[in-house]
Amino acid sequence: MTTHSLCRRCGRRSMHKQHKTCASCGYPAAKLRSYEWGQKAKRRHTTGTGRMSYLKDVSRRFKNGFREGTVATRKVKATAE
């Protein structure tokens with residue numbers, strides 16, 4: 001008989017069926033499970049280890065002051081005279 005099933009949040013086979021708590025991420029707790037004694041584990045799950053589909057654009061948008069809805073001005077080529 002198995003004690004752990006798949007977790008909805010992290011996808012690992014760490015959801016304890018009787019405790020109803022994930023041994024890996026701590027689901028259903030709001031905060032992710034992480035401890036100072038597990039530095040390697042924190043490194044595996046930290047920001048930058050996934051796709052960062054939103055966060056990878058933030059630095060570029062910050063550089064431009066989060067401007068939206070504008071069109072870049074046309075650059076005119078200098079004529080050779």
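**A walk through the model**

Ser14 counts as buried, because its relative accessibility is 11%, where buried means under 20% relative accessible area, exposed means over 50% and partly exposed lies in between (1.4 Å probe, protein chains only). The model is a predicted one, in which local features need pLDDT of at least 70 and side-chain atom pairs count only at pLDDT 80 or more, while totals for chains, interfaces and linings use all residues. Residues are numbered from 1 along each chain as its sequence is written, and side-chain values use heavy atoms, with hydrogens and water left out.

The place of Ser14 in the chain is the loop between strand S1 (4–5) and strand S2 (15–16); strands (E, at least two residues) and helices (H or I, at least four) are DSSP runs numbered from the N terminus. Leaving aside residues up to four places away in sequence, Ser14 touches His4 and Ser5 as well as Thr21, Cys22, Ala23 and Ser24, a contact being heavy atoms within 4.5 Å.

Two strands are taken to pair if DSSP finds at least two bridges between them, and S2 and S3 are joined in the antiparallel sense over two bridges. At the level of residues, His16 has Thr21 in S3 as its bridge partner, and Thr21 is also one of the residues that Ser14 touches.

Tyr35 and Trp37 make a stacked pair, with 5.1 Å from centre to centre and 10° between the planes; Tyr35 is partly exposed at a relative accessible area of 41%, whereas Trp37, at 69%, counts as exposed. The rings of Phe62 and Phe66 have centres 6.2 Å apart and planes at 65°, so this pair is edge-to-face. Of its members, Phe62 is exposed at 58% relative accessibility, and Phe66 is partly exposed at 41%.

Side chains of opposite charge can pair when their charged atoms come close. The structure holds two salt bridges, each defined as a side-chain nitrogen of Lys or Arg within 4 Å of a carboxyl oxygen of Asp or Glu. One of them links Lys42 to Glu36, whose closest N and O atoms are 2.8 Å apart; here Lys42 is partly exposed, with a relative accessible area of 28%, while Glu36 counts as exposed at 58%. The side chains of Asp57 and Arg60 also meet in a salt bridge, at 3.4 Å from N to O, and because these two are three residues apart in helix H2, about one helical turn separates them. Asp57 and Arg60 are each partly exposed, Asp57 at 30% and Arg60 at 45%.

Helix H2 (residues 55–63) also contains Leu55, which is partly exposed at 44% relative accessibility. Together with Met52 and Tyr54, Leu55 makes a nonpolar surface patch of about 310 Å². Such patches are made of residues with over 30% relative accessible area and no salt bridge, with nonpolar side chains (Val, Leu, Ile, Met, Phe, Trp, Tyr) joined within 5 Å and like charges within 9 Å; accessible areas come from the Shrake-Rupley method with a 1.4 Å probe, and for residues only the protein chains shown count as cover.

Methods
Phe/Tyr/Trp six-rings, centres within 6.5 Å; stacked < 30°, edge-to-face > 60°.
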